[in-house]
Amino acid sequence: MKNIIVEIPEWAYEFHGHKCPAMPIGYRAGLTAMAKLGVEKASNKELYLICENGPAHAAACFLDGVMSSTGCTYGKGNVEKLNYGKNAITLVDLKTKKAVRVSMRPEFFEKALNSEFVQLRKQNVHPNDIKPEILTPLIENVKKADENMIFTVSEIFENNVQLPKGTFDWHNCSKCNEIVFDNASKIIDGKVMCQPCAAKII
Ligand SMILES: [Zn+2]
Ligand SMILES: [Zn+2]
């Protein structure tokens, strides 16, 4: 894997909103997991992502990178965030039930967390205000680092996660008239309501 440069598409930075090293690391984590499973980016809900990061910490931008490369997104509903405060993912191929866990190596992560970029972020400097001289080498390093230096990759294991079936059934809320999907609506005194309206009534 040496001397291979993994390009991070410009649209991924646009989606994320700024340039930083953590989003590209997440992008690569997704690529590494997909390669291990022998799958491609999910065009629909072929894959399921369980991310251990969050709720709010340095390098949490990682998740946007993973979503970008795997196609597992909150809109499709095939992402779950565990809020363990760890930059690690489990990616599941929903067809074969095969899964792999990819986690950041502590040595690589420590270096990143001790970087000037993170020190400036700690002082609340906006990522866009951090000089390219500081930021660019970090991103270039993520692009060219051997994946075994960045990640620990598990053996393949079985995961039986089930995606909830999406509904096409909907109602007009009897109070606010807005459309609410069946699997999230409430029935109060025989009337269908959205949850906010139901909460105000109970
Ligand atoms: Zn970021
Ligand atoms: Zn309502």
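**Figure 1. Cysteines and disulfides in the predicted model.** The count of disulfides, taken as pairs of cysteine sulfur atoms within 2.5 Å, comes to 0. A disulfide is a covalent bond between the sulfur atoms of two cysteines. Cys-20 has a relative accessible area of 2% and is therefore buried (under 20% relative accessible area; exposed is over 50% and partly exposed in between, with a 1.4 Å probe and protein chains only). Cys-173 also counts as buried, at 2% relative accessibility. This is a predicted model, in which local features need pLDDT of at least 70, side-chain atom pairs count only at pLDDT 80 or more, and totals for chains, interfaces and linings use all residues. Residues are numbered from 1 along each chain as its sequence is written, chains are lettered from A and ligands numbered from 1 in the order in which they are written, and side-chain values use heavy atoms, with hydrogens and water left out.

**Figure 2. The largest nonpolar core.** A nonpolar core is a set of buried Ala, Val, Leu, Ile, Met, Phe, Trp, Tyr and Cys residues joined through side-chain atoms within 4.5 Å. The largest one holds 27 residues, and Ile-25, Leu-49, Phe-62, Ile-89 and Leu-91 touch the most other members. At least two residues each come from α2 (22–37), β1 (47–51), α3 (62–70), β3 (88–93), β4 (98–104) and α4 (106–113); helices (H or I, at least four residues) and strands (E, at least two) are DSSP runs numbered from the N terminus. The most, 5 residues, are given by α2. A second, separate core has 13 residues, among them Ala-12, Cys-20, Ile-134 and Ile-139.

**Figure 3. Surroundings of Leu-91.** Residues up to four places away in sequence are not counted here. The contacts of Leu-91 (heavy atoms within 4.5 Å) include Ala-33, Met-34 and Leu-37.

**Figure 4. The largest pocket.** A pocket is an open set of points on a 1 Å grid over the protein atoms alone, where a 1.4 Å probe fits, with protein on both sides within 12 Å along at least five of seven lines; lining residues have an atom within 4 Å of a point. The largest pocket has about 530 Å³ of space, the volume being that filled by probe spheres set on the points, which are joined across faces, edges and corners. Its lining has 30 residues, and Pro-21, Ala-22, Ile-25, Ala-112 and Leu-113 lie nearest the centre. Helices α2, α4, α5 (116–122) and α6 (132–144) each supply at least two lining residues, with α4 giving the most, 6 residues. The lining has 20 nonpolar, 5 polar and 5 charged residues (Ala, Val, Leu, Ile, Met, Phe, Trp, Tyr, Cys and Pro count as nonpolar, Asp, Glu, Lys and Arg as charged, and the others, Gly among them, as polar).

**Figure 5. The second largest pocket.** About 180 Å³ of space lies in this pocket. Of its 13 lining residues, Tyr-13, Lys-19, Thr-136, Ile-139 and Glu-140 are the closest to the centre. Both α1 (10–16) and α6 supply at least two residues of the lining, and the largest share, 6 residues, comes from α6. By class, the lining divides into 6 nonpolar, 1 polar and 6 charged residues.

**Figure 6. Ile-4.** Ile-4 lies in the segment before α1. Its relative accessible area is 42%, so Ile-4 is partly exposed. Leaving aside neighbours within four places in sequence, Ile-4 is in contact with Lys-143 and Lys-144.
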